[in-house]
Every structure is written in C-alpha cells, then in structure tokens.
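Subject: Structure handover

Hello,

Here is the structure you asked for, with the sequence. Please open it first and then read the notes below it.

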Amino acid sequence: MILHYKCPSCGSDMSFDPDSGELSCLSCGRHENIENYPEELRSVRFSEDEANEYHCENCGAVLITEAETAATNCSFCGAGVVIADRLSGTLAPAKVIPFMISKEEATKAFQKWCRKGLLTPKGFMNADRIKSLTGMYVPFWLFDLNSKVQVNATCTKVRTYTQGDYIYTETKYFDAFRDINLDYVKIPVDASEKMNDKLMDRLEPYPYDQLKDFKTPYLAGYIAEKYNYTDEELLPRAKDKISGYIDSYIRSTLTGYHSVNYTNKQIDTINKNSDYVLLPVWMVSYDYNNSDYTFAMNGETGKIVGKPPISTSKVAMWFSGIAAGTFLALKCVSYMMGGGFW
Amino acid sequence: MSRIYLQKRGIFFLMIAVLLLLLPWAMPAKAENFDRNKYIYDFAHLLTDNEAAELQNIASELGKERETAFIILTVSGTDGKDIVQYVEDFYDDNAPGYDQPHGNTAILAIDMQERDIYLAGFKKAEQYLSDGRLDQIRDNITPDLSDGHYFQAFSAFITASHEYMGNEPNDGSGSDGYSDYGPGGSSVGYNGYDSGADQENIFFQWWFQLIASFIVAGVVVAIMAYRSGGRVTVNAGTYMNSDQSRVLNKYDNFVRQTVTRQRKPSNNTHSGGGGGITGGGHSHSGSRGKF
C-alpha cells in the first residue's frame, strides 16, 4: 500500500516542512498539523505476499525502490510517497525525530563547514560540487539498558614518611566491594546495513525533546528505510557502547586509593526496552578530484561528520608552522629558565 | 777540601731544612713575590715541561678573556691538611688573581696521596662557577684523572671554566661545545637539580627542542586530521539516567598493612664539600671528590 499526500485545497503534492514541522503544500502554502493525523499502521497487517511492485498514487508509474526503502519520491512525478507495508506491524516505528533542518539550511551549513576545514584543499572549500543532498530517515533502535554491577577490588593506600635515617613506606590494603545499579536510556544504535556505524555514532547526540510519536506524513518528501537488524541482533553493539561508561563509573566510585586491582567484576546488562525509531540524517555526496566523498549531517542538530579530503600542502604548512612556533616557544622558555637562547 | 765540601753540604742541607720548616710561615712573606702570571703549580710533577708550558699558555690566554686566573695545583701530600683547607690557604697566602691580589681565581687542586680533587672559584669565578657548575666540570674531568691523563683533564678544566664564565651565573646557554668533556651520556644524564639552571639540562639542548617541536607539530596535525571527520560528542553522562544509577551497597574493609623502610640516600657519596670561607675571609665556591 502506498501513501501519498495530496493537498486538500489544490490537489498538489504535500511534503514535510522542517521549518514549521507540519505537512505543507508548496503550491498553495497550505499547512496541515501532523500530530493529529490518524495513524493506524501498527495494527494494520498486510498480506504476506506483499507486492514487489508499487505504483505511484499520483502518476501511476512504477516505483523503483530497494527492499529497505520505506519512503521515497516517485522518480517520474517527484511526489513523495510512503510505502506503508514496510512501516507496519513489527516494522512500525514507535517514534520519529522529524527533520529540523531544511534542504537549504543543510546546503548552507555544509558549505560553511567546508570552509572551516583547516586541512582541506582550497578547491574543496568552495563546496560547489555537491552532487546530491538526500534527506533520509535512518532506522535506529533506542535501547534502555540496565546494568547490575558487582565488583570486588583490592585497593591500596600508600603513605611515606621519614623517621631518623629511614624512609618508611606504609601500604594499607583494603578489600573493597561495590554493588552498582546503572540505567542508560535511549542509546541509539543504527539498524541500517548501508550506514557506516562509525559515521552514525559520531552523529550523536540527537536531543530527544523532539522525539515524536511516529506518523507517516513526517516521511513525505524524504527517503526512509526499514531496519535490517532487529534489536536482539544489535544488543551486543549497544552493550559495547556503554561498556566504557560503566568502567569509568566503577572507577569513579573507588576514589581515594592509590591503586585499584579488580579481583572480581560482574556486569550484567539487560535490555529493558528497545524502541524502533527513525532519525533524520542528511546525506551529502560530494565530488572532488574525481572521487566521491560522503558526509552525513545530523538532521536535527546540523552536526556534520565524514572524512574530507586532506591537502598535503596544508598539512605541511601547519606542521612546519606549529613546529617553528613550538621551537621558538621552547627557546623562550629555556631562556626564561636560565638556559640562554642559543 | 773534602771537609770544606762536607761542611758546605751540611750548611746547604741545614738551610734547606730550615727553609722547609719555615715554609708555612714564610708563605705570607712569599706572597709579595708570588708570580701572579704563573698558573701551573705542578708540585707533584705530573706534567712534562712542554705540557706545563702549553697549559700555562692556555690559562693565560683564556684567563685574559675572562679576567680570571685559572690555576692548576698538583701536590703529593698536603702536610696533613684537608685539600679544601690547603686550597684556601694557598689562596690566602699567595693571593693569586688575574689583575690584583686576591682577585678572580679558579683553582683545580689535586692531591696525589689522598687522590683528592678540589675545584674552587673565588670572586668573579665564585659567581660564575657555582658549586653545581664545578661539580659538573669535576664529573667530566674525573675519568681522565683516574686514567692518568692529567694534561687532558687540566686543559678541559680550563676550557670548561672559561666556557662557563662566558655565561651569566644562572643563565648558561644551551651550549653545544661540551660534548668533548667526558662521555656524552653522562653529561646528558646529569640533571641540573642542585645547580639551579644547568647548561646541560636536556631541555636546553637545541636538538631536544627541535625534536620536541616536531613531535608536538606531528601530534597536533594528526589530531587535526583525525578530527576533521567529526568527533564523538557524547559521553558517559549523555545517556545515563542519573535518578536510577547509583551505588546500592558498598564496603571498604581494611585487610592488612605492610611497612617497608629504606635508608635515606646519603648526599652524593663521591663528592661534597662545596664552597666555604677561607681563613683570610675570602668566600669561594667549590666541588671536591676523589679520582
């Protein structure tokens, strides 16, 4: 089943407008509130033999989609369509963060970011070769994890003092125990196979105050994908993301010791709840020197990640500049410390 | 004939005996005709005449530049005196100096009997050749002395003192000319802790500064390149629900304690002494040791 949003006043295509957060019609300017939109996807079941071919509601052309695509634009008439089958039942997202940054803002922000690059080549900084800028709702799982931690550690406190001709080193050994409960909520883990995990991790954080109940109109005019991995499959990755946090928390509870040696460390992490959500990402494809660069922009905060090209001449410039500066500074310091300038 | 000869010889010996007896007392009187331009007093005969003459040349030439008398004093036995005392008395009694009695003087004294070495700086040399600097010079020349290379050691003392006196007392330059005194390792390893700012502090070496700046630049550029792709801006606090996260139960039980003791390191086993004030009231810096 294909969902397509037609303007009730003029019949033109409607799409989601990040500025107002509403469904808007580009032709007549009509806005429709999304939050009151009826949504019954979760309960709706589509037949198993789901159609492999979808036709655009608007023009009737065949929609060319990938298996994961849940929302796209008709390649013939450009109308934003939502493939409801791929967003229903178990595939129905619980929440969504709608795009807060419009295409124009994204372009500007990207150009600004390119200019800021300290090591990027001059030709890249113009940012005039954006091949495509695609607004995409990326499937994520938001995990609520609970960790029960029990650690035993042998800790020492060391004190040294002098008495007579001797220096005494006194080491006190303690048997320390900590029983800790740790709750981590809404840890995002991207569930799309296509997306580079590292890239997606760096896009965080997504402020959750904009998290809304899922409604299909939010996807109108954007690309959306359904998840490739279930929450069970991604649980290890979520645990992995918090393991460093847990370790540092444990260490922070064992203060006042000179050394801490863990004799027993039990971390039992369970998945209390996981929500399937769609998070907004602008994908920027950029052409420079005949090779493609892909950048991702957080569609809510505007944070940009991705490896830009690096100019060797700029690296050399910075390197020599910093080396010379440091050398001079060291000379000055040694001069002030009484070492003479040369 | 022979009787007269024997008599003459007897008188001669007597005179020498009297002279030797009077020597300590005669010193002050001798100060009057002490040759202030003679810098090498090789009483222990460690140097050949040529070597002594060459050292004399070096000492007078370099001494002129620093307006300081660089004196080498070698003895075999100090009449039971401590070497420090001996050097102080030598300064008091002979009143050496570059242009005036009791003037700027740096003395290297060695006693072959006790195998003592003492370095002292008077007046301008006291300021420029601090205990720390003298310690360092002594450290550098001691191996040569131990091996019997007296000429090398003495000339190294003169050139090193001359070099040090070219730099403000607490403002020595990170000079590169020191590698020839003693093994490079020892001079690099020497920390200028007790001498305040020391010339051979590794921090003052230009090559160290150069390497350090390359490392800093490399690290900074690497960080810049790494961060150009965007960095992680979430931390432990981002996703933690602090209402629910806490320590539920804990204990810290004292188990046992161990105490180890260690003898205080004695100050510089080999050297010590430092400066002092002579009987004549002249203060000086110094560094003593064995070779």
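I begin with a pair of residues in chain A: Ala296(A) has Val305(A) as its bridge partner in strand 16 of chain A. Please keep in mind throughout that this is a predicted model.

Strand 15 and strand 16 of chain A are antiparallel and are joined by two bridges. Their hairpin has five residues between the strands, and Gly302(A) in this hairpin has a positive phi near 90 degrees.

On to strand 14 of chain A, residues 259–288, which pairs with strand 15 of chain A, residues 291–298. The sense is antiparallel, and there are eight bridges. Two pairs can be looked up here: Ser285(A) is opposite Thr294(A) in strand 15 of chain A, and Val281(A) is opposite Asn298(A) in strand 15 of chain A. The hairpin of strand 14 and strand 15 of chain A has two residues between the strands. Asn289(A) in that hairpin has a positive phi near 55 degrees.

Strand 14 of chain A also pairs with strand 10 of chain A, residues 130–163, in the antiparallel sense over 26 bridges. Which residue of strand 14 is the bridge partner of Ser132(A)? The partner is Ser285(A), the residue that also stands opposite Thr294(A).

With strand 9 of chain A, residues 95–96, strand 14 of chain A pairs in the parallel sense over two bridges. Lys95(A) has Val277(A) of strand 14 as its bridge partner.

Strand 3 of chain A, residues 22–25, is joined to strand 4 of chain A by two bridges. In this part of the chain, Ser24(A) is opposite His31(A) of strand 4.

**Where chain A meets chain B**

How many residues of chain A are in contact with chain B? There are 58, and they are in contact with 56 residues of chain B. The elements that give two or more residues to this side of chain A are strand 11 (166–190), helix 3 (197–203), helix 4 (231–253), strand 16 (304–305) and helix 5 of chain A. Strand 11 of chain A gives the most, with 22 residues. By type, this side of chain A divides into 31 nonpolar, 13 polar and 14 charged residues.

Strand 11 of chain A also pairs with a strand of the other chain: strand 5 of chain B, residues 246–263. The two strands are antiparallel, with 16 bridges. To find the place, look for Phe174(A), whose bridge partner in strand 5 of chain B is Phe254(B).

**Helix 5 of chain A**

Helix 5 of chain A covers residues 312–336, which is 25 residues. From its first C-alpha to its last it reaches 36 Å, close to the 36 Å expected at 1.5 Å a residue. Its buried residues are Ala323(A), Leu330(A) and Ser334(A), and the buried residues pack against helix 8 (206–227) of chain B. After the helix comes Gly338(A), which has a positive phi, near 100 degrees.

**The sheet in chain B**

Chain B has an open sheet of six strands in the order 1-2-3-4-7-6, and its pairing is mixed. Strand 1 (40–42) and strand 6 (276–277) of chain B are the edge strands, each pairing on one side only. Strand 1 of chain B runs parallel to strand 2 of chain B, residues 69–75, and three bridges join them. Asp42(B) has Thr74(B) of strand 2 as its bridge partner.

Helix 3 of chain B, residues 83–94, lies across strands 2, 3, 4, 6 and 7 of chain B. The helix runs at about 135 degrees to strand 3 of chain B.

Regards

Note on methods
Residues are numbered from 1 along each chain as its sequence is written. Chains are lettered from A and ligands numbered from 1 in the order in which they are written. This is a predicted model: local features need pLDDT of at least 70, side-chain atom pairs count only at pLDDT 80 or more; totals for chains, interfaces and linings use all residues. Helices (H or I, at least four residues) and strands (E, at least two) are DSSP runs, numbered from the N terminus. The expected span of a helix is 1.5 Å times one less than its number of residues. A residue is buried if 20 or more other C-beta atoms lie within 10 Å of its own, exposed if 12 or fewer, and partly exposed in between; C-beta atoms are placed from the backbone. Two residues are in contact if their C-beta atoms, placed from the backbone, lie within 7 Å. Ala, Val, Leu, Ile, Met, Phe, Trp, Tyr, Cys and Pro count as nonpolar, Asp, Glu, Lys and Arg as charged, and the others, Gly among them, as polar. Two strands pair if DSSP finds at least two bridges between them. Axes are lines fitted to C-alpha atoms, for helices over the stretch in contact, and angles run from 0 to 180 degrees between N-to-C directions.
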